[in-house]
Amino acid sequence: MPRLPPMHWKLLAIETSCDETAAAVLQVESRSGDEGRDPRVEVLSDVVASQVRDHSPYGGVVPELASRRHLTAILPVIRRALAEASADLGDVRAAAVTAGPGLVGSLLVGIQAAKAIADVLGAPVVGVHHVAGHLLSARLLGPRSPAAPPPFPYVALIASGGHTALYRVDGPERHETLGSTRDDAAGEAFDKVARLLGLAYPGGPAIDRIARGVDPGSLRLPRGLDRKSTLDFSFSGLKTAVAEHLLSLRRPPSAEETARIAAAFQRSVIHTLLRKSLAACAATGVPRLALGGGVAANSALREEATAACAAAGVELFLPDTRACTDNAAMIGLAALPRLLRGENDGPALAARPDWRLESR
């Protein structure tokens, strides 16, 4: 397939890997002579419809419910993204969509929508790995962000409900896995511990709120793999320690005790995330760290990462908190290299719920 024309063109991106229905419109400028350089990209709209209220009564995401909500939300979200971008569907020259990993029913809704739009428009459509989008989310800086996007290479910590891993990122399609979780992801641990403490879902924001400004005192919780040289993570033991501590009380914890336990848990997670991240920067010789994933919106993590990186001489890149959680703009950004090469997955594009991000 020929390359997209060397001009301003609009890309429609869709993300439905879990419980957020998202669509974004990106304006791309890729002119002749720009080969080998990043195209100029402007996010014209980035719309996200959350399902938190739908899943809150169950304390976690219900896959069948998620796919049904995507079905009702997908077209309104796309229409709103186009309207906020002051664009019509006919202005779109290409489509990108998350193809995996994720919940298969949720993925299929976004994929079918993207393929149908591409077919109607006679435009290319490409599938994107969800984590590949998060690896570039720090390059989606908002209009009030004072910093420039992180230059390659950089180390990326992706911490969310489904993923916790460290990567060396040498380019939009060049990345190497440095470490990953051996059990629970960080966001999953937040959700499980919040449930143990009787807090609301999702657990990350709930624990962040209740732990803010709280001193956990003498309560010390384990830090998985803390004394080992590996860059892998482990949070299952921390979750178990919280459960055992609650059992040892032999009564429901008071509000003050709940806050201290939440603060101690959060302190252990943040310590582990930052120690491993800075160790990855030292091991690779790359003094730049970018955070991504929903856990990167945690206020305590952002504050402590700022201080720890300054002390270690590592440049820190934090996405806007809105760009930390699942969004379609990052999916569009990750799709650009393939689209600029003229690639097209076409009707054969399928959901890949267990898609592994291979080092490249």
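Cys309 counts as buried, at 1% relative accessibility. Keep that residue in mind; we come back to it with the cysteines. Before that, one caution: this is a predicted model.

Now back to Cys309. Here the nearest cysteine sulfur is that of Cys281, 6.6 Å away. The cut-off for a disulfide is 2.5 Å between sulfurs. Cys309 is in no disulfide either.

Next, the aromatics. Searching the whole structure turns up three aromatic pairs. I will show two of them. One is Phe190 with Phe265. The ring centres are 5.0 Å apart, and the planes sit at 80° to each other. That is an edge-to-face pair. Where do the two partners sit in the chain? Phe190 is in helix H5, residues 186-196. Phe265 is in helix H8, residues 255-284. They are 75 residues apart, so to speak, a link between distant parts of the chain. Both ends are buried: Phe190 has 3% relative accessibility, and Phe265 has 0%.

The other pair is Phe233 with Phe235. Why is this one called stacked? Because the planes are at 15°, and anything under 30 degrees counts as stacked. The ring centres are 6.1 Å apart. Phe233 is buried at 0% relative accessibility. Phe235 is buried too, at 1%.

Now helix H7, residues 236-249. It has 14 residues. From first C-alpha to last it reaches 21 Å, close to the expected 20 Å. Which of its residues are buried? Leu238, Ala241, Val242, Leu246 and Leu249. These five cover an arc of only 135° around the axis, so they lie on the same side of H7. What do they pack against? The buried residues of H7 pack against H5 and H8. Those are the helices that hold Phe190 and Phe265.

The face away from the buried side carries exposed residues, Glu244 and Leu247. One last detail. Just after H7 comes Arg250, with a positive phi of about 60°.

That is the tour. Questions, please.

Notes: Residues are numbered from 1 along each chain as its sequence is written. This is a predicted model: local features need pLDDT of at least 70, side-chain atom pairs count only at pLDDT 80 or more; totals for chains, interfaces and linings use all residues. Side-chain values use heavy atoms; hydrogens and water are left out. Rings of Phe, Tyr and Trp (its six-membered ring) pair if their centres lie within 6.5 Å; planes under 30 degrees apart count as stacked, over 60 as edge-to-face and the rest as tilted. Helices (H or I, at least four residues) and strands (E, at least two) are DSSP runs, numbered from the N terminus. Buried means under 20% relative accessible area, exposed over 50%, partly exposed in between (1.4 Å probe, protein chains only). The expected span of a helix is 1.5 Å times one less than its number of residues. The arc is that of the directions from the helix axis to the C-beta atoms. Contact means heavy atoms within 4.5 Å.
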